[in-house]
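Reader: Please walk me through this structure, feature by feature. How should I read each one?

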Amino acid sequence: MLKVLRIYMSAGARVKRSGVLKKLIAPQLSHYLLRAARESGIPQATLRPISAGYLAGHKISHAHTEISAPAHPVCLELVGEESVLRTFLSASSAYLDGLRYILFAPDEYRYAASDSRQQES
């Protein structure tokens, strides 16, 4: 059964690295987790744009087309089988420290093979 995993973080969150130089060039956490999800075999992932919102303990933030505040929230949404999502959570636990995430089953979902590549026999 398909499940949805949403991971909430700030736009300015970076992968935690040791060493001064590594900290300066550390990738954005959201992009790192997106690539890790792909490598984990999760079939669908989106980095959802958020026009306005706030994370726990932060002020309300509004998106701007040219620059976003480091505390502006972003949401990585992953869709896949529960076992695969739980394996991803375990493998990524070091990066998820202090983040909020929700794993849930949608009330209803439907898979429609409208893509010509999926309809080929």
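Reader: Is Tyr32 buried, partly exposed or exposed?

Author: Keep in mind that this is a predicted model. Buried means under 20% relative accessible area, and exposed means over 50%. Tyr32 has a relative accessible area of 24%, so Tyr32 is partly exposed. Tyr95 is partly exposed as well, at 28%.

Reader: How many aromatic pairs does a search of the whole structure find?

Author: The search finds 1 aromatic pair. Its members are Tyr32 and Tyr95, with ring centres 4.8 Å apart. Their planes meet at 55°, so the pair is tilted. The cut-off for edge-to-face is over 60 degrees.

Reader: Which parts does the pair of Tyr32 and Tyr95 tie together?

Author: Place each residue in its element. Tyr32 lies in helix 2, residues 29-39. Tyr95 lies in the loop between helix 3 (82-91) and strand 6 (100-104). The pair therefore ties together parts that are 63 residues apart in sequence.

Reader: Let us stay with helix 2. Which of its residues are buried?

Author: Leu29, Ser30, Leu33, Ala36 and Ala37 are buried in helix 2. They cover an arc of only 125° around the axis, which means they sit on the same side of helix 2.

Reader: What does the face of helix 2 turned away from its buried side carry?

Author: That face carries the exposed residues Arg38 and Glu39.

Reader: And what covers the buried residues of helix 2?

Author: The cover includes strand 1 (2-10), strand 2 (44-48), strand 5 (73-81) and helix 3.

Reader: What follows helix 2?

Author: Gly41 follows helix 2. The phi of Gly41 is positive, near 90°.

Reader: Now the core. How many residues has the largest nonpolar core?

Author: The largest nonpolar core has 19 residues. Look for those with the most contacts inside it: Leu5, Ile7, Met9, Leu29, Leu33, Leu78 and Phe88. Then ask where the members come from. Strand 1, helix 2, strand 5 and helix 3 each supply at least two residues of this core. Helix 2 gives the largest share, 4 residues.

Reader: Take one of those residues. What does Met9 touch?

Author: Leave out residues up to four places away in sequence. Met9 then touches Leu29, Ser30 and Leu33, among others. Its contacts also include Leu55, His72, Pro73, Val74, Leu76 and Leu99.

Reader: Next, charges. What is the general idea?

Author: Side chains of opposite charge can pair when their charged atoms come close. A search of the whole structure finds 4 salt bridges here.

Reader: With which residue does Lys3 form a salt bridge?

Author: Lys3 pairs with Glu82, and their closest N and O atoms are 3.6 Å apart. Lys3 lies in strand 1 and Glu82 in helix 3, so this pair ties together parts that are 79 residues apart in sequence. Check the surroundings too. Lys3 counts as buried, at 17% relative accessibility. Glu82 counts as partly exposed, at 28%.

Reader: Which residue forms a salt bridge with Arg6?

Author: Glu77 does, with the closest N and O atoms 2.6 Å apart. This pair links distant parts of the chain: Arg6 is in strand 1 and Glu77 in strand 5, 71 residues apart. Arg6 counts as partly exposed at 24% relative accessibility, whereas Glu77 counts as buried at 12%.

Reader: How far apart are the closest N and O atoms of Arg86 and Glu82?

Author: They are 2.9 Å apart, and the two residues form a salt bridge. Arg86 and Glu82 are 4 residues apart in helix 3, so about one helical turn separates them. Arg86 counts as partly exposed, at 46% relative accessibility.

Reader: Which residues are linked in a network of salt bridges?

Author: Lys3, Glu82 and Arg86 are linked in such a network.

Reader: Finally, the whole chain. How many helices and strands are there?

Author: The protein chain has 4 helices and 6 strands. Along the sequence, the pattern is β-α-α-β-β-β-β-α-β-α.

Reader: What share of the residues is buried?

Author: Buried residues make up 28% of the 121 residues. The chain exposes about 8,700 Å², and carbon and sulfur atoms supply 51% of that.

Reader: And what share of the contacts joins residues at least 24 apart?

Author: Take contacts between residues at least 6 apart in sequence: 68% of them join residues at least 24 apart.

Technical notes:
Residues are numbered from 1 along each chain as its sequence is written. This is a predicted model: local features need pLDDT of at least 70, side-chain atom pairs count only at pLDDT 80 or more; totals for chains, interfaces and linings use all residues. Side-chain values use heavy atoms; hydrogens and water are left out. Rings of Phe, Tyr and Trp (its six-membered ring) pair if their centres lie within 6.5 Å; planes under 30 degrees apart count as stacked, over 60 as edge-to-face and the rest as tilted. Buried means under 20% relative accessible area, exposed over 50%, partly exposed in between (1.4 Å probe, protein chains only). The arc is that of the directions from the helix axis to the C-beta atoms. Contact means heavy atoms within 4.5 Å. A salt bridge is a side-chain nitrogen of Lys or Arg within 4 Å of a carboxyl oxygen of Asp or Glu. A nonpolar core is a set of buried Ala, Val, Leu, Ile, Met, Phe, Trp, Tyr and Cys residues joined through side-chain atoms within 4.5 Å. Accessible areas come from the Shrake-Rupley method with a 1.4 Å probe; for residues, only the protein chains shown count as cover.
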